[in-house]
Amino acid sequence: MQLKGLNDHQIQAVKALEGAVAVIAGAGSGKTRTLTYRIANMIDNNIFPSSILAVTFTNKAAREMKERVVDLIGPQGFAPMISTFHSFCARFLRDEIEHLGDTYTRHYLILDEDDAKQVIRDTVKELNLDPNRYNSNRLKDYFSKVKNGQYDSLEYEEEKVFIKYNEYLKVNNSMDFDDLLNYTLKILKENKAVLDMFQERYKYILVDEFQDTNIIQYELILLLGSKYKNVFIVGDPDQSIYGFRGANYENYTFFLRDFKPQIIVLDQNYRSSMHILTAANNLISNNRNRKTDKLLKSDLGDGPLVIKEVRESDKDEAYFVARAIEILVHGGYQFKDIAVLYRSNAIGRIFEEAFLRYNIPYIIYGGISFFSRKEIKDMLSYIRLALFEHDNISLKRIINTPRRKIGQTTISKLEAYAAIHHISMYEAIDRINIGGQTREALQSFKKIIQVLRDEITQIYDLTQVVDLALQLTGYEEMLRLEGNEGKDRYDNIQELKSIFYNGAVDYKGTNLEKIEQILDDMALKTDLDLEDDKNTVKVATIHQVKGLEFKAVFMVAMEETVFPSDISGSFTEIEEERRVAYVGVTRAKERLILSHAKQRFRYGQTQYNSPSRFIEDMDLEKNKEKRLVVEQEVAPEVVQDDIHVGDSVLHEKYGKGVVVMKNDEITRVAFSIEFGIKLFTTGHQALKKI
Ligand code: ATP
Ligand code: MG
């Protein structure tokens with residue numbers, strides 16, 4: 001294979017086929033590129049493609065890597081296992097789960113974050129605890145930390161919820177994301193034969209973004225790799241940004257101890273021009289706890305100066321960014337070359353409003369994810385229940401959607417009956433003593449599921465199954481009656497079909513296995529994985545764009561209390577925040593624009609924040625400030641009512657919601673998961689501020 005397009009150090013790493021290797025290098029130095037070429041080169045050197053396991057941090061990164069390997073060496077490139085830790089574990093468990101010796105079966109269900117939080121809420125309610133005090137977001141986070149080995153104790157009542165939550169998951173043959181990793185590790189630790197088999201299967205292991213692996217993930221690498229020790233890791237200590245989730249940079253020290261790798265350093269940045277790199281170098285040099293004090297340098301020239309912009313309000317800032325994007329696009333940039341990055345999810349909404357007004361196509365990550373939209377989950381639940389009638393969680397989701405007069409009391413009765421008799425809720429339908437109309441409704445629901453099952457097992461084509469489900473269940477009709485919003489939801493379901501259609505080639509195994517893999521992937525997906533070839537501006541948190549690059553990057557809301565966040569106070573936390581800023585800066589290839597606002601509406605009040613210390617850290621004065629020519633653009637007048645983005649509102653039918661976007665024509669409100677997001681004309685009487 002030609003190793004054109006690599007420098008000497010990169011070639012050295014690519015050619016080191018056997019033994020452990022650690023590539024430790026700064027942002028944009030070609031670590032991921034080197035790892036990808038190495039996979040291709042291994043196959044080119046007759047290493048059996050399916051003996052290669054590469055783990056990456058996001059599904060998107062995995063997909064890009066696969067495409068790249070196929071580009072380099074052709075269809076053989078499809079054979080290596082290139083996936084995230086979670087997808088790898090999900091597949092492992094489909095085959096090996098019976099070794100747990102537990103009640104789990106291979107058709108276990110993966111619960112995404114929202115599902116898991118719902119189970120927590122139900123549990124809190126069942127235990128008669130105060131849902132405000134035992135908030136599901138907070139508990140989910142704690143539970144995750146316990147499962148990751150970060151916490152070892154919970155307060156008494158929390159512990160009760162934790163135990164009940166896990167029991168519920170077990171009884172319902174389901175797992176959260178943390179369980180996927182933990183159970184995989186448990187099986188490998190306790191079953192020598194299984195471990196042997198997997199050590200033989202994956203003789204070559206590669207890990208991207210090693211700095212963000214947590215202790216459980218490291219243990220997995222250690223177990224799988226300890227026999228042949230062909231483990232290749234790439235990472236950058238300055239980009240370690242998941243400490244709060246238990247990522248542990250000590251893993252690198254352990255790796256040195258356990259694998260005694262050859263160490264390769266890459267010192268040339270190929271991504272960014274020098275003004276950007278100088279800002280990055282200055283910034284990170286303020287961290288005292290650094291593993292190396294490397295400087296990034298590139299041959300790409302000075303490039304444009306880094307721009308710093310201050311605006312009166314958060315809204316002005318959003319309009320500034322919108323105008324600046326227009327100017328960049330006018331000057332030849334495409335929308336997809338541009339990213340707007342911030343520290344925490346809540347900041348994104350105000351940009352949505354400005355971009356809508358300016359007709360700037362954008363995709364916002366971390367809002368209500370495509371894969372957690374109600375209509376998408378409903379369709380997936382119909383499919384799952386048709387395939388696996390024991391899946392009570394899916395059953396509960398759709399038994400009365402569309403409405404078929406099966407009320408909460410009936411559902412609770414079914415659940416209790418099923419629990420007592422150790423059968424599924426689906427089976428309980430026939431056995432439970434319920435009369436009259438409800439009985440009929442239950443039977444016709446069951447009939448629908450049977451028809452869907454026949455369809456799936458005869459044709460194994462999920463796109464057709466979705467069409468059938470839309471018709472049979474009355475779902476399509478229900479959406480039609482919802483008008484415009486129903487149309488959006490219908491379009492989402494069509495998008496789901498195209499994901500099924502496009503994804504079908506990626507899977508191996510029997511028809512049923514393929515379908516199960518598709519469903520697993522759906523549970524593990526994030527918006528970042530949606531087809532993003534579309535020409536849209538990416539609006540995201542910095543964490544979400546790790547490893548990616550953009551011609552122009554706007555880092556917005558660069559303000560104290562926002563970034564660094566007001567929840568980070570300790571020395572270590574501030575240093576981690578600074579690394580997050582460093583990751584943001586180093587995403588930019590050509591242009592970096594930093595902005596902050598004097599006033600920001602946050603947590604229901606107006607805040608006055610000073611500029612982020614990280615701007616100061618970048619020492620831009622040396623860069624000589626220069627402004628992008630952006631006309632002063634004030635935000636258009638908004639029809640006045642007292643409802644603002646972020647406010648809680650009450651609606652007679654939909655209950656409590658939060659305003660997620662507002663301009664003078666429309667106000668968007670997110671209600672509970674059952675109702676989702678609704679649009680209102682601004683000033684609408686039906687919304688009452690609470
Ligand atoms: P990060 O730390 O952000 O994950 P990285 O070290 O993984 O960065 P890559 O994403 O692999 O870096 O590479 C950064 C950019 O530099 C990419 O556009 C890549 O194609 C390019 N690049 C890497 N090596 C070379 C090279 N030898 N010649 C030309 N371009 C290169
Ligand atoms: Mg990378």
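Helices (H or I, at least four residues) and strands (E, at least two) are DSSP runs, numbered from the N terminus. This is a predicted model, in which local features need pLDDT of at least 70, side-chain atom pairs count only at pLDDT 80 or more, and totals for chains, interfaces and linings use all residues. Residues are numbered from 1 along each chain as its sequence is written, and chains are lettered from A and ligands numbered from 1 in the order in which they are written.

**Exercise 1. Describe the span that UniProt lists as a domain, residues 4–273.**

Step 1: Start with the record. An unreviewed UniProt entry gives "domain: UvrD-like helicase ATP-binding" for residues 4–273; UniProt positions are given in the numbering used here, feature names are shortened, and annotations may be inferred rather than shown by experiment.

Step 2: Turn to the model. Residues 4–273 are 50% helix and 12% strand, and 22 Å separates the end C-alpha atoms of the span.

**Exercise 2. Find out which residues come nearest to ligand 1.**

Step 1: A residue is near a molecule if its C-beta atom, placed from the backbone, lies within 6 Å of it. There are 19 residues around ligand 1, and Gly30, Lys31, Thr32, Arg33 and Tyr270 come nearest.

Step 2: Look for the main contributor. Helix α2 (residues 31–44) gives the most to this shell, with 3 residues.

Step 3: Sort by class. Ala, Val, Leu, Ile, Met, Phe, Trp, Tyr, Cys and Pro count as nonpolar, Asp, Glu, Lys and Arg as charged, and the others, Gly among them, as polar. The shell around ligand 1 then has 4 nonpolar, 10 polar and 5 charged residues.

**Exercise 3. Work out how helix α15 (residues 374–387) packs against helix α20 (residues 462–472).**

Step 1: Axes are lines fitted to C-alpha atoms, for helices over the stretch in contact, and angles run from 0 to 180 degrees between N-to-C directions. For α15 and α20 the angle is about 105°, with the axes 10 Å apart.

Step 2: Name the arrangement. Angles of 65 to 115 degrees count as roughly perpendicular, under 35 as roughly parallel, over 145 as roughly antiparallel and the rest as oblique, so α15 is roughly perpendicular to α20.

Step 3: Met379, Tyr382 and Ile383 of α15 meet Leu462, Val465, Val466 and Ala469 of α20. By class, this contact has 7 nonpolar, no polar and no charged residues.

**Exercise 4. Locate the cis peptide bonds at proline 402 and proline 564, and the positive phi of lysine 260.**

Step 1: Recall the background. Most residues other than glycine have a negative phi, and most peptide bonds are trans.

Step 2: The bond from threonine 401 to proline 402 is cis, with omega near -10°. Proline 402 sits in the loop between α16 (392–398) and α17 (408–421).

Step 3: The bond from phenylalanine 563 to proline 564 is cis too, with omega near 5°. The loop holding proline 564 runs between β13 (550–555) and α24 (571–585).

Step 4: Lysine 260 has a phi near 45° and lies in the loop between α11 (250–259) and β8 (262–266). A residue is buried if 20 or more other C-beta atoms lie within 10 Å of its own, exposed if 12 or fewer, and partly exposed in between, with C-beta atoms placed from the backbone. Lysine 260 is exposed because it has 12 other C-beta atoms within 10 Å.

Conventions:
Contact = placed C-beta atoms within 7 Å.
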